[in-house]
Amino acid sequence: MKFWIGILIFIFLLQTYFLVKMQRQIGDICRQLAFLMKHDSNMMITANMKTGGFEKLVSLLNELFQMRRKEQREFKEKEQMIADTYTNLSHDIRTPLTSLNGYFQLMESASAEEQKHYMKVIQERIESLKEMLEELFMFTKLKNDSFVLELKTCCINRILKNTIFSYYDDWSGRGILPEISLPEKQLYMEGNEAGLKRVLQNIIKNGMDHGQEKIKVQLFEKEEKICLWICNEVTNPEEIDVSKVFQRFYKADGARSKNSSGLGLSIAQEFVLRMKGEIHAELSGNEFWVKVSFPQKNSNL
């Protein structure tokens, strides 16, 4: 009888020991949680007990905190990106706005011929401002995770031809004779027509803003991919860092007076990535190349 009483007492003491230990462990975890909720710390929750589900509980809590820290970092990065975007763009917008004010003042005492000239300049400045604001809107839109780009089968030959044709007047006015190489075969891809047009426009406009009077456009297929290469000549290739050309607001010439927001190639990159393509830049002598590729899609259209 005494033996069984001794066994019961031992079991009771053992249970009491584990209960006290569990209570202490729960209290310790609660203190760690309270600290992490009040402080921005990379500390991880620890537990001395590995039994009773504590190890799994601690693992899940740490995973939850890691997810929360990642979300906070991403939020801060986006917040900083938006702040930088508005700061840089406001700097770019200030120049044409200041010049607009100056031209309006000049018009008050100008002759009819001079007023005509000033009005043309004013219209150009206003158009430049519209383009900058539209670029800002598009860049912010593309950076929003909730934005969905609708994809469907597109013939890139047709889109490229139409886009190139829209620039012929600009090229002719500058004495530019583009070198264009297009395949006879129609090439299809899963893309967005408006997005593709925007990619082409931004790459061509970048070349016109920062390049010389020469442009090459090549479209071809290679290893089941559609390749689109666009090239323009540059005066000072040593000033261009090809690793940065797709960063927002990067301008190789460092000039703020140009009618450019510095977002064009960043927007082109965002569209290309959303259409499951690849884009990169290269320098070959004084030729600056932007090379884009997309997965090719067979189509009977």
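**Before starting.** I am working from a predicted model, so I treat everything here as computed.

**Entry 1: α6 with α7.** I began with α6 and α7 (residues 264–274), whose axes lie 9 Å apart at an angle of about 150 degrees. Angles over 145 degrees count as roughly antiparallel, so that is how α6 runs relative to α7. I noted the crossing of these two as left-handed. Then I looked up who touches whom. From α6 I listed G195, R198, V199, N202, I203 and N206, and they meet G264, L265, I267, A268, F271 and V272 of α7. Sorting the residues of this contact gave me seven nonpolar, four polar and one charged.

**Entry 2: α3 with α7.** Next I took α3 against α7. Their axes are 10 Å apart, and the angle comes out at about 35 degrees. Here too I wrote down a left-handed crossing. On the α3 side the contact uses E135, M138, F139 and L142, while α7 brings G264, S266, I267, E270, F271 and R274. I sorted these into five nonpolar, two polar and three charged residues.

**Entry 3: α3 with α6.** What angle do α3 and α6 make? I got about 130 degrees for α3 (residues 112–142) and α6 (residues 193–210), with 14 Å between the axes. That angle makes α3 oblique to α6. The handedness I noted for this crossing is left-handed. E131, E134, E135 and M138 of α3 make the contact with R198, N202 and K205 of α6.

**Entry 4: a pocket.** Last, I checked the second largest pocket, which holds about 240 Å³ of space. Which residues line the second largest pocket? I found L36, M37, H39, D40, S41, N42, F65, R68, R69, Q72, R73 and K76. The elements giving two or more residues to this lining are α1 (2–38) and α2 (54–108). By type, the lining residues come to three nonpolar, four polar and five charged.

Technical notes. Residues numbered from 1 in each chain as written. Predicted model: local features only at pLDDT ≥ 70, side-chain atom pairs only at ≥ 80, totals over all residues. Heavy atoms only, no water. 1 Å grid on protein atoms, 1.4 Å probe; cavity = no way out; pocket = protein on both sides within 12 Å on 5 of 7 lines; lining within 4 Å. Points joined across faces, edges and corners; volume = space filled by probe spheres on them. Helix = DSSP H or I, 4+ residues; strand = E, 2+ residues; numbered from the N terminus. Nonpolar A, V, L, I, M, F, W, Y, C, P; charged D, E, K, R; others polar. Axes fitted to C-alpha atoms, helices over the stretch in contact; angles between N-to-C directions. Parallel < 35°, antiparallel > 145°, perpendicular 65-115°, else oblique. Left-handed = near helix turned anticlockwise from the far one by under 90°. Contact = heavy atoms within 4.5 Å.
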